[in-house]
Amino acid sequence: MRYVVISDIHANLAAFKAVLRDAELRGGFDEIWCMGDVVGYGPEPHECIELLKQHRHICVAGNHDWAAVRKIDISDFHTDAAQVCWWTMQHITEDDAWYLQNLPIELRRGDFTMVHGSPRWPIWEYVLSVDEACASFGRMDTCFCFVGHSHVPLFFGQDDTGDCWMQRAPSEITLPAGHQRLIINPGGVGQPRDGDPRSSYVIYDDDARQISYYRVDYDIVITQRKMREYNFPSSLILRLNYGY
Ligand code: ZN
């Protein structure tokens with residue numbers, strides 16, 4: 001089976017479509033694994049939920065998903081994020097709200113745990129350092145974990161001795177046998193934050209035990225035009241140009 005593993009679509013339909021098109025061109029896929037934040041920041045929350053629902057998929061809850069249905073408090077949100085969160089609440093359907101409301105906080109598939117933030121704090125924690133990864137390995141009872149939230153493509157490993165390490169901007173990972181464990185972030189679809197504005201995603205082929213990272217150009221202007229139309233904060237519009 002081949003899985004498209006994505007995170008942080010953030011209501012950016014042009015980016016999401018470009019990722020799925022690219023995955024189709026690379027041999028197609030059987031299922032989407034989504035690490036949350038389908039909505040927030042971007043102008044097409046309903047359309048992104050609909051597109052996800054058109055495919056066989058599983059998805060965990062992100063902080064923006066639950067904020068949009070008032071399941072979590074947004075007082076910690078940056079003002080810009082909070083503004084779009086309020087807008088999102090007004091622009092999703094009842095079905096969309098039901099979908100977001102019922103996203104699970106964590107999922108398991110075979111050797112994989114899936115969460116938005118970290119195995120330690122599934123909704124809120126960013127895993128960006130070796131120390132944070134090491135703490136999370138201690139909370140994992142599977143060998144591998146997919147996370148999102150930071151919008152940065154990278155992965156962390158822990159070897160037999162408990163030592164942890166990280167790799168940024170990976171291209172391929174062959175899943176190790178034995179006791180080595182991995183925390184893998186496919187990067188962000190709708191708002192990449194590693195200095196590269198292209199959407200980031202992963203294809204996981206479970207026969208080959210291979211994880212491949214890809215970057216995809218999408219028409220940023222289409223998304224930005226809609227954001228302007230809805231008077232979204234200019235910082236959110238501009239950041240898409242730079243991938244931060
Ligand atoms: Zn996010």
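**View 1. Helix 5 and its buried residues.** In helix 5 (residues 94–101), the buried residues are Asp96, Tyr99 and Leu100. Seen down the axis of helix 5, these buried residues fall within an arc of 95°, so they line one face of the helix. Glu94, Asp95 and Trp98 sit on the other side of helix 5 and are exposed. Here buried means under 20% relative accessible area, exposed means over 50%, and partly exposed is in between (1.4 Å probe, protein chains only). The arc is taken over the directions from the helix axis to the C-beta atoms. Helices (H or I, at least four residues) and strands (E, at least two) are DSSP runs, numbered from the N terminus.

A note on the model: it is predicted, so local features need pLDDT of at least 70 and side-chain atom pairs count only at pLDDT 80 or more, while totals for chains, interfaces and linings use all residues. Residues are numbered from 1 along each chain as its sequence is written, and side-chain values use heavy atoms, with hydrogens and water left out.

**View 2. The zinc site.** Asp8 (OD), His10 (NE2), Asp37 (OD) and His151 (NE2) coordinate the zinc ion at 2.1 to 2.4 Å. Asp8 lies in the loop between strand 1 (2–6) and helix 1 (13–25), and Asp37 in the loop between strand 2 (31–34) and helix 2 (45–53), so the pair ties together parts that are 29 residues apart in sequence. Both Asp8 and Asp37 are buried. Along the sequence, the donor residues follow the spacing D-x1-H-x26-D-x113-H. Donors are N, O and S atoms within 2.8 Å of the metal (3.2 Å for Na, K and Ca); water is not among the atoms, so sites may look incomplete. The angles subtended by the four donor atoms run from 82 to 173°, which makes the arrangement irregular. For the label: four donors count as tetrahedral if all angles lie between 85 and 135 degrees; four count as square planar and six as octahedral if opposite donors are over 155 degrees apart and all others between 65 and 115; anything else is irregular.

**View 3. Asp141 and Arg108 in a salt bridge.** The closest N and O atoms of Asp141 and Arg108 are 2.9 Å apart. Asp141 lies in the loop between helix 6 and strand 6 (144–146) and Arg108 in strand 4 (residues 107–109), so this pair ties together parts that are 33 residues apart in sequence. Asp141 is exposed, at 59% relative accessible area, while Arg108 is partly exposed at 44%. A salt bridge is a side-chain nitrogen of Lys or Arg within 4 Å of a carboxyl oxygen of Asp or Glu. A search of the whole structure turns up 11 salt bridges.

View 4. The side chains of Arg215 and Asp194 meet in a salt bridge (2.7 Å, N to O). Arg215 lies in strand 12 (residues 210–216) and Asp194 in the loop between strand 10 and strand 11 (199–205), so the pair ties together parts that are 21 residues apart in sequence. Asp194 is partly exposed, with a relative accessible area of 29%. A network of salt bridges links Asp194, Asp196, Arg198 and Arg215.

**View 5. Asp22 with Arg26.** These two side chains meet in a salt bridge, 2.8 Å from N to O. Asp22 is buried, with a relative accessible area of 14%, whereas Arg26 is partly exposed at 38%.
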